[in-house]
Amino acid sequence: MLLIAENIFASYNKKPILYGVNLQVKCGEIVTIIGPNGSGKSTLLKVLAGHLKTEHGKITFNNENITLLEPHQHINKGIAYLIQGGKVFPSLAVQDNLRLAGLKISKKEFTSNIQWIYELFPKLRELKTRRAGLLSGGEKQMLAISMILVHKPKLLLLDEPSAGGLTPLLSKEVFTTIKRINDEEQISIILVEQNIREAISIAHSTYFMKNGKAMYCENPLKNLTNVMFEELIV
Ligand SMILES: Nc1ncnc2c1ncn2[C@@H]1O[C@H](COP(=O)(O)OP(=O)(O)OP(=O)(O)O)[C@@H](O)[C@H]1O
Ligand SMILES: [Mg+2]
């Protein structure tokens, strides 16, 4: 098992949001988390990335207890986090955003990883000298994903990578790329998504979150009731 989150509780200013979440990710697996707005999906990713501390419970990554580690230590361990909405530096060129994201790795490693990133997102190679602030929503999202891939992480935490007003075609491309990242490099992925059918179709496991609790879904396409889908598709 790559990641085991046990009995995760979390609050904002003493207001409880997560109530004992359990979640597991196997090596090489895509796990998707779906659920209604406000159910705690982003909060759970924040906890797993070290941006918010769990009040009880334990997080084990690669057989190591990482519960109390800070966000930069998560990055060093191989956990990369795409925050909801993504984050790029608008005044810098695409290639400088990538360089900045890769400051901590060796030049050799950076050069090889950047090759791989440009293969995943050929569009970014074409746009490498363009300022990030001038990119379209989809291109910006590709850059934000690339910036967290620069370290070749073991686990990717993706908070709604297909959001941000992407056209259906671009959104489909994002899912295809996520699948490639997983297939080609065996990078494990936790994928929080509103596009639930697409997410489920590329995931090996699915969790459904509601009111701060996560439920493992066996055979999600079959077993998620229409009621759940209706609630999710707004
Ligand atoms: N920084 C914050 N401070 C206080 N409350 C917050 C904060 N961030 C989120 N919340 C609240 O925590 C709850 C869970 O939010 P969260 O962002 O985890 O939900 P979500 O499942 O990701 O929703 P969405 O699908 O809309 O992205 C919501 O009620 C939200 O208003
Ligand atoms: Mg969210």
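Q: Which helix gives the most to the shell around ligand 1?
A: Helix α1, residues 41–48. It puts four residues into that shell. Keep in mind that this is a predicted model.

Q: How many residues surround ligand 1 in total?
A: There are 14. The closest are N37, G38, K41, S42 and T43.

Q: How does the shell divide into nonpolar, polar and charged?
A: Eight residues are polar, three are nonpolar and three are charged.

Q: OK, polar contacts. What does the side chain of T43 do at ligand 1?
A: One of its polar atoms sits 2.5 Å from an oxygen atom of ligand 1.

Q: And S42, how far is its side chain from a ligand oxygen?
A: 2.8 Å, counted from an N or O atom in the S42 side chain to an oxygen atom of ligand 1.

Q: Where does N37 come in?
A: A polar atom in the N37 side chain lies 2.9 Å from an oxygen atom of ligand 1.

Q: How much of the ligand's accessible area does the protein cover?
A: 63%. On its own, ligand 1 has 640 Å² of accessible area.

Q: Switching to helix packing. What's the angle between α3 and α6?
A: About 30°. Helix α3 covers residues 94–101, helix α6 covers residues 137–149, and their axes are 8 Å apart. Angles under 35 degrees count as roughly parallel, so α3 is roughly parallel to α6.

Q: Is that crossing left-handed or right-handed?
A: Right-handed.

Q: What about α4 and α7, how do they pack?
A: Helix α4 (residues 107–120) meets helix α7 (residues 168–185) at about 140°, with the axes 11 Å apart. Roughly antiparallel would need an angle over 145, so α4 counts as oblique to α7. Here too, α4 passes α7 in a right-handed crossing.

Q: Last pair. At what angle do α3 and α4 cross?
A: Roughly 130°, and their axes come within 11 Å. That makes α3 oblique to α4.

Q: Which hand is that one?
A: The crossing of α3 and α4 is right-handed.

Technical notes:
Residues numbered from 1 in each chain as written. Chains lettered and ligands numbered in written order. Predicted model: local features only at pLDDT ≥ 70, side-chain atom pairs only at ≥ 80, totals over all residues. Heavy atoms only, no water. Near = heavy atom within 4 Å. Polar contact = N/O pair within 3.5 Å; in protein donor to acceptor, adjacent residues only side chain to side chain. Areas by Shrake-Rupley, 256 points an atom, 1.4 Å probe, with all protein chains shown as cover. Helix = DSSP H or I, 4+ residues; strand = E, 2+ residues; numbered from the N terminus. Nonpolar A, V, L, I, M, F, W, Y, C, P; charged D, E, K, R; others polar. Axes fitted to C-alpha atoms, helices over the stretch in contact; angles between N-to-C directions. Parallel < 35°, antiparallel > 145°, perpendicular 65-115°, else oblique. Left-handed = near helix turned anticlockwise from the far one by under 90°.
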